[in-house]
Amino acid sequence: MPHLSIDGLAVEVADGRSVLQAALDNGIEIPTACFDVRLEPSGACRLCMVDIEGRERPVASCSTPVEDGMVVRTDTPTLVELRRTLRGLMATEDRGRSDSLVDDSHPLIHVDLNRCIKCWRCVRICAEVQGQFVWQIDGRGEGSRVAVDGGALGDSPCVSCGACVDTCPTDALEDRNLLDTGDGRGAAAPSRWTRTTCPYCGVGCEMLVGTHEGRVVTVRPALDAPVNRGHLCVKGRYGHGFVHAADRRHHPLVRDPEGQWRQVSFEEAVTVAANGLRDALEEGGSGAVGVLGSARATNEDNYLVQKLARAVLGTNNVDCCARVCHAPSAAGLKAVFGTGAATSSFNDIEVAATILLCGANATENHPVVGARIKQAKLAGANLIVIDPRRIELAEVADLHLRPRAGTNVALLNAMASVIVSEGLMDAAFVAERAEGLDAFVDHISKWSPERAEAICGVAAADVRRAARLYATAKPAISFHGLGVTEHTQGTEGVMCLANLAMLTGNLGRPGAGVNPLRGQNNVQGAAHMGCEPSHLPGFAPLAGAAQRVGDIWGAEVPTEGGLDVMQMIDAAGEGDLKALLVSGWDLLLTQPDMAATKRALARLDTLVVVDLFLNETAREYATVFLPAAASFEKDGTFMNSERRVQRIRAAIDPPGEARADWRIVSALAAELGRADLFAYSSAGEIWDEVRRVWGPGAGMSWDRLDAPGGLQWPCPSGDHPGTSMLHVCAFGADQGTRAELRPIDFTPTPEEPDSGFPFVLVTGRSLYSFNAGTMSARSDVLALRPTDRLEICASDASDIGVIDGELVNVVSRYGQTKLSVEITERVAAGTVFATFCDPATQVNRLTGPHRDPYTHTPEYKVTAVRLVGG
């Protein structure tokens with residue numbers, strides 16, 4: 001490590017650091033204007049010039065690497081005068097104030113380029129971090145200026161990540177919600193900052209929450225976060241308004257016999273809820289009650305939810321919304337590799353030579369990871385996109401394979417067939433790590449690209465190109481999303497991706513692996529904490545772990561298998577399930593086949609909803625409502641897609657009688673007579689119990705998790721560094737060193753289009769709407785996408801006689817709704833796409849009853865519909 005002197009201070013720094021970084025690391029401030037740790041140094045502003053002994057003239061410290069023995073001076077009279085001159089030029093350059101340089105076309109970002117000092121940081125961060133290239137340098141020399149691609153920011157390709165605002169050293173770019181409007185609104189500068197983790201998708205971005213007088217006023221990215229590296233998406237930065245939404249519920253409610261809500265004390269609401277659960281147990285036994293955890297709640301919240309179900313209610317009828325999204329990822333990966341979780345880390349993106357993105361619109365649904373994938377592609381990586389829609393990353397991909405929705409297995413089998421038939425397997429890896437090769441080869445030989453082409457509509461030549469690229473340009477890593485899992489062959493689709501990795505040796509090495517992009521902030525953690533009917537915390541199989549966990553709890557753990565959420569809805573519809581506790585999940589709005597869900601919820605005797613808002617489920621069917629704390633209002637942990645456990649921290653207090661889910665659950669347990677099992681005083685105390693129950697997480701102490709980035713499991717001991725990559729030498733679940741290749745046949749979905757329902761509807765999320773809109777639709781982000789729209793291609797729109805923006809009736813075999821048409825070439829002929837974020841549209845009236853046979857995950861991605869104009 002180099003040793004040098006800076007202003008007389010002897011310092012030791014890591015290799016590769018710049019002089020500026022060395023100074024900052026040691027508390028020595030050097031003025032800068034164009035420097036940002038997220039950007040490649042440019043030295044353009046010259047403010048950071050320093051003297052180095054032996055050099056003829058000052059050098060830019062930001063772009064000068066340290067060398068052993070350097071003697072650096074940062075504050076000589078000459079340097080001070082130089083900086084004074086440069087600052088004066090920046091402050092006094094007479095460009096004249098021009099209204100044409102003020103742009104308020106964007107609903108979230110205010111632009112006043114009169115205040116621009118030409119540091120070009122907005123241009124560089126948009127290009128180097130987000131990869132959007134919205135900001136550009138117009139002109140040359142003294143006449144150069146910042147300009148927007150498209151003229152006005154609101155009309156540009158801007159994705160509203162706010163990185164330009166975050167890096168801007170002046171007021172040229174500002175968040176509009178912080179502007180001083182002169183009428184008392186806005187302009188509340190944060191007086192306190194709290195580090196926490198984003199409550200939206202499963203990427204797990206760390207952020208700094210700025211608060212003032214008990215309100216969240218702004219959010220910034222944490223610059224030292226290993227996941228997001230100082231970046232956020234539009235929802236992370238601007239989607240915090242839900243915390244203070246006008247319809248946020250601060251007090252408990254109980255529905256009276258006439259069906260009207262009555263505000264009550266917390267104690268009374270808990271008593272009514274507990275009595276309802278107790279009555280159901282007395283009438284129907286433990287099978288008559290169900291409990292649902294929340295992907296938006298913490299690990300500690302979910303751990304206690306499943307403990308309540310098992311140790312107090314005596315039932316394994318416990319689940320979470322992983323069931324309706326990535327349960328097939330857990331099941332498929334566990335079936336092949338022995339561990340149902342991501343094999344790699346996001347840092348492998350920059351190492352991979354080839355990235356396979358299957359059924360995941362990463363730049364919209366996991367935007368920070370999507371930006372990293374885009375940057376990897378721009379830096380030279382190969383990119384293969386498999387998606388029925390022409391998503392943003394398809395525009396830059398080497399190959400875009402566009403299968404018909406529901407045909408992933410046929411396509412992935414054809415890729416495997418090419419790898420086998422053309423001798424592209426990693427023979428050494430397969431010999432050492434794979435089982436069942438002969439049976440697999442016999443099966444896969446029947447899946448020629450020509451056969452797959454007839455099923456999925458992808459040209460055989462393109463299938464061959466994709467297979468060759470994935471197999472030969474190594475290391476190759478795959479990421480998949482709900483476009484793989486939310487199908488009747490969701491689990492088998494994941495197994496097919498695992499087969500490809502096994503055949504090519506793209507596993508257990510840097511830049512390789514198979515990775516689900518989990519949908520919500522803690523959907524990985526909710527299931528892993530035991531909100532799953534056949535697994536206990538740590539995803540330990542119920543039969544093998546019940547005695548051990550029961551001994552730790554001091555309570556009997558039932559061993560009879562429980563119902564998942566789909567089965568609970570079925571059982572409620574049949575009158576067998578009588579009481580249901582739902583935490584942070586709007587079942588009515590998000591479950592498929594809404595008509596069936598309504599019938600089921602209407603038959604429940606007791607429905608207890610724990611949420612921030614009186615959501616659609618609560619509004620129509622709940623008997624008790626208990627207000628929950630938001631993630632900005634409590635301590636705990638989340639677990640992201642790459643198995644990383646990170647801290648969340650309370651930035652403000654919860655309003656009224658709202659409280660953390662774990663406190664609500666503990667109160668229910670006490671009312672039901674088991675206060676002794678729930679005598680916790682903090683989230684950290686609950687986490688310590690989690691570590692006792694879950695061996696691979698035992699080394700992740702509360703103190704260790706306080707560090708930036710937390711830890712990735714497995715982390716079995718206090719001196720273990722965590723695990724960034726699985727299956728390096730062995731597979732999980734005591735499989736040893738070998739995993740079995742899985743021959744999978746294609747089974748068509750029963751949801752086929754016909755003359756009565758000729759279009760295939762695919763549902764999903766968009767950049768500006770998150771799931772059911774519970775949070776995003778109550779924030780400033782709503783202005784960017786106020787409601788659900790139906791994407792349709794121009795030829796199909798012409799055929800049915802509709803124009804852009806027109807309302808169209810969308811009718812399926814299960815229901816109907818009206819959506820506004822958006823004509824776009826993102827969808828192919830015969831396919832339409834819609835989000836489901838607006839309670840007014842109720843898009844899940846359309847989706848049907850079909851499920852993955854392994855996990856019962858609904859088939860949200862294929863619904864036959866017809867469209868009727870007007």
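Select Lys 578 to begin, which sits in the loop between α20 (565-573) and β26 (579-583); helices (H or I, at least four residues) and strands (E, at least two) are DSSP runs, numbered from the N terminus. This is a predicted model, in which local features need pLDDT of at least 70 and side-chain atom pairs count only at pLDDT 80 or more, while totals for chains, interfaces and linings use all residues. Residues are numbered from 1 along each chain as its sequence is written, and side-chain values use heavy atoms, with hydrogens and water left out.

Is Lys 578 buried or exposed? Its relative accessibility is 18%, so Lys 578 counts as buried, where buried means under 20% relative accessible area, exposed over 50% and partly exposed in between (1.4 Å probe, protein chains only). If you leave aside the neighbours within four places in sequence, Lys 578 is in contact (heavy atoms within 4.5 Å) with Ala 280, Glu 283, Ala 288, Leu 604, Asp 605 and Thr 606.

Next, select strand β18 (residues 354-358), where five of the five residues are buried, so this strand is largely enclosed by the rest of the structure. Thr 354, Leu 356 and Cys 358 point one way from β18, whereas Ile 355 and Leu 357 point the other way. Two strands pair if DSSP finds at least two bridges between them, and β18 pairs in the parallel sense over five bridges with strand β19 (residues 382-386), where Val 385 is the bridge partner of Leu 357. With strand β22 (residues 476-480), β18 also pairs in the parallel sense over five bridges, and there the bridge partner of Cys 358 is His 480.

Now move to the open sheet of three strands in the order β11-β12-β13, whose pairing is antiparallel. β11 (192-197) and β13 (215-221) stand at the edges with a single partner strand each, so one side of each has no neighbour in the sheet. Strand β12 (residues 206-212) pairs with β13 over six bridges, and Gly 210 stands opposite Thr 218 in β13.

Finally, select helix α7 (residues 299-312) together with helix α25 (residues 683-693), which pack at an angle of about 65 degrees with their axes 9 Å apart; axes are lines fitted to C-alpha atoms, for helices over the stretch in contact, and angles run from 0 to 180 degrees between N-to-C directions. To see where they meet, show the side chains of residues including Tyr 303 and Leu 304 in α7, and Ile 686 and Trp 687 in α25.
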